[in-house]
Amino acid sequence: MVADEEYLVVNYLKGEREEERLGFLGRKDGREGGLISYTFDSIVLLRRAVTHASFSEENNKALSILGASVIEASVALKSLAKDMDISPKDLNRKISEVCNMESSCAKEGLQLGLQKVVRVSPKTDSSSPAVVCGAFRAVIGAIAVDTGNFDDASRVFVAVLDGKTASRRASSK
């Protein structure tokens, strides 16, 4: 099975085709319209990024950890680029603010509509901050794995944080 055929395999989730549910994030067909304007080479990574542990053993936990690291490094780099004399306390505060599950992280995930596509068990609230934040972090982590570097994932995160869309590839492939 070639990659394009793999993408065309249709799984029905709540009566919708999975690629339609995931397409708002990154389009495999190269068309514009994804909220992050990032095209995943591996739809499997995107699918894993939006799969909560309550839904499957093959879930987004590891990608979420990687995504959190990308987010923390991005915030630190952006803060230091603005003010090289920032105190360690202020830098930690800025990182904590952006990574806070209840505020910024979940807010960014909700703005992307992740609560609408994250796969959870029927007993799990897909719009809870923990679920949405975990999915948001996992999407960022999935981009890092998909591109093989932190830089592209960081650019996508910063663009989302700044309320912009990000380009598919800034430096790789």
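Which pattern does the protein chain follow when read along the sequence? The answer is α-β-β-α-α-α-α-α-α-α-α.

## Overall make-up

This is a predicted model. The protein chain has nine helices and two strands. Of its 173 residues, 49% count as buried.

The accessible surface of the chain is about 9100 Å². Carbon and sulfur atoms account for 53% of that surface. Now take the contacts between residues at least 6 apart in sequence. Of these, 58% join residues at least 24 apart.

## Helices α4 and α5

Two packed helices are described by the angle between their axes and the distance between the axes. Helix α4 covers residues 61-82, and helix α5 covers residues 88-99. They pack at an angle of about 135°, and their axes lie 9 Å apart. Angles over 145 degrees count as roughly antiparallel and those from 65 to 115 as roughly perpendicular, so α4 is oblique to α5. Their crossing is right-handed.

Which residues meet here? From α4 come I71, E72, V75, A76, S79 and L80. From α5 come L91, K94, I95, V98 and C99. By class, this contact has eight nonpolar, one polar and two charged residues.

## Helices α8 and α9

Helix α8 spans residues 129-147, and helix α9 spans residues 150-161. The angle between them is about 145°, with the axes 7 Å apart. The crossing of α8 and α9 is right-handed.

On the α8 side, the contact is made by F136, I140, I143, A144 and T147. They meet F150, D152, A153, V156, F157 and V160 in α9. Sorted by class, the contact holds nine nonpolar, one polar and one charged residues.

Key
Residues are numbered from 1 along each chain as its sequence is written. This is a predicted model: local features need pLDDT of at least 70, side-chain atom pairs count only at pLDDT 80 or more; totals for chains, interfaces and linings use all residues. Side-chain values use heavy atoms; hydrogens and water are left out. Helices (H or I, at least four residues) and strands (E, at least two) are DSSP runs, numbered from the N terminus. Buried means under 20% relative accessible area, exposed over 50%, partly exposed in between (1.4 Å probe, protein chains only). Contact means heavy atoms within 4.5 Å. Accessible areas come from the Shrake-Rupley method with a 1.4 Å probe; for residues, only the protein chains shown count as cover. Axes are lines fitted to C-alpha atoms, for helices over the stretch in contact, and angles run from 0 to 180 degrees between N-to-C directions. A crossing is left-handed if the near helix is turned anticlockwise from the far one by less than a right angle, and right-handed if clockwise. Ala, Val, Leu, Ile, Met, Phe, Trp, Tyr, Cys and Pro count as nonpolar, Asp, Glu, Lys and Arg as charged, and the others, Gly among them, as polar. Angles under 35 degrees count as roughly parallel, over 145 as roughly antiparallel, 65 to 115 as roughly perpendicular and the rest as oblique.
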